[in-house]
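Trainee: Could you give me a close look at the aromatic rings in this model, and then show me how the rest of the chain is arranged?

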Amino acid sequence: MSNKIMWIEMASTDVPASAKFYADLFGWPMVTDEKMDYTMTAFEGDETGVGFPAVNEEQGYAAGSVIVYVDVADVDAAIARAKELGAPIFMDKMEIPTVGWMAIFGDPGGNRIGVMQSMPPAE
């Protein structure tokens, strides 16, 4: 199904402590991608994952900020529609190698929302 919530990012001032908290609280498995310096849940299957980016005001990750990512069939179409609706574009289409494409824009209430289009499986 397209247009479902597929990823959530919760900015943290202490990424290891946040990851440990949620692992201890809910039993969520965690993994850190050393290349990307990014800690996230390691769920199996199609559960909505959670990532913990470090607070970085220049990249728009303020303490306490949460970004919800929606699975879309076409990132370009989602960006175009968001622009038609007057949304500010915070991050234009960007490729995540072997994963897909993403973009981040704003809503009228000041929230940031991400869209993500998965790459087709390798043949």
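Mentor: Gladly, and let's begin with a word we will need throughout: a residue is buried under 20% relative accessible area, exposed over 50%, and partly exposed in between, using a 1.4 Å probe and protein chains only. Do keep in mind that this is a predicted model, where local features need pLDDT of at least 70 and side-chain atom pairs count only at pLDDT 80 or more, while totals for chains, interfaces and linings use all residues. Residues are numbered from 1 along each chain as its sequence is written, and side-chain values rest on heavy atoms, with hydrogens and water left out.

Now to your rings. The whole structure holds six aromatic pairs (rings of Phe, Tyr and Trp, the last by its six-membered ring, with centres within 6.5 Å; planes under 30 degrees apart are stacked, over 60 edge-to-face, the rest tilted). One of the six is formed by Y22 and W28, which are stacked with 5.4 Å from centre to centre and 15° between their planes. Y22 also stacks with F52, this time at 5.7 Å between centres and with a plane angle of 25°. Because Y22 sits in helix α1 (residues 15-26) and F52 in strand β4 (residues 49-52), this second pair ties together parts that are 30 residues apart in sequence. Helices here are DSSP runs of H or I with at least four residues, strands are runs of E with at least two, and both are numbered from the N terminus. Both Y22 and F52 are buried, whereas W28 is partly exposed at 22% relative accessible area. Ring pairs join Y22, W28 and F52 with F21, F26 and F43 into a cluster.

Stepping back, the protein has two helices and eight strands, in the order β-α-β-β-β-β-α-β-β-β along the sequence. Neighbours within four places in sequence aside, A78 is in contact with V72, F105 and V115 (contact means heavy atoms within 4.5 Å). Its C-alpha atom lies 9.8 Å from that of Q117, a residue 39 places away along the chain.

Two loops deserve a look as well. Most residues other than glycine have a negative phi. D37 is not a glycine, yet its phi is positive, about 50°. This residue lies in the loop between β2 (30-33) and β3 (38-41) and is exposed, at 66% relative accessibility. T98 also has a positive phi without being a glycine, with a value near 70°. You will find T98 in the loop between β6 (89-96) and β7 (100-106), exposed with a relative accessible area of 74%.

The C-alpha trace spans about 45 × 40 × 25 Å along its principal axes, and 36% of the 123 residues count as buried. If we take contacts between residues at least 6 apart in sequence, 50% of them join residues at least 24 apart. The accessible surface is about 7900 Å², and 56% of it belongs to carbon and sulfur atoms (Shrake-Rupley method with a 1.4 Å probe; for residues, only the protein chains shown count as cover).
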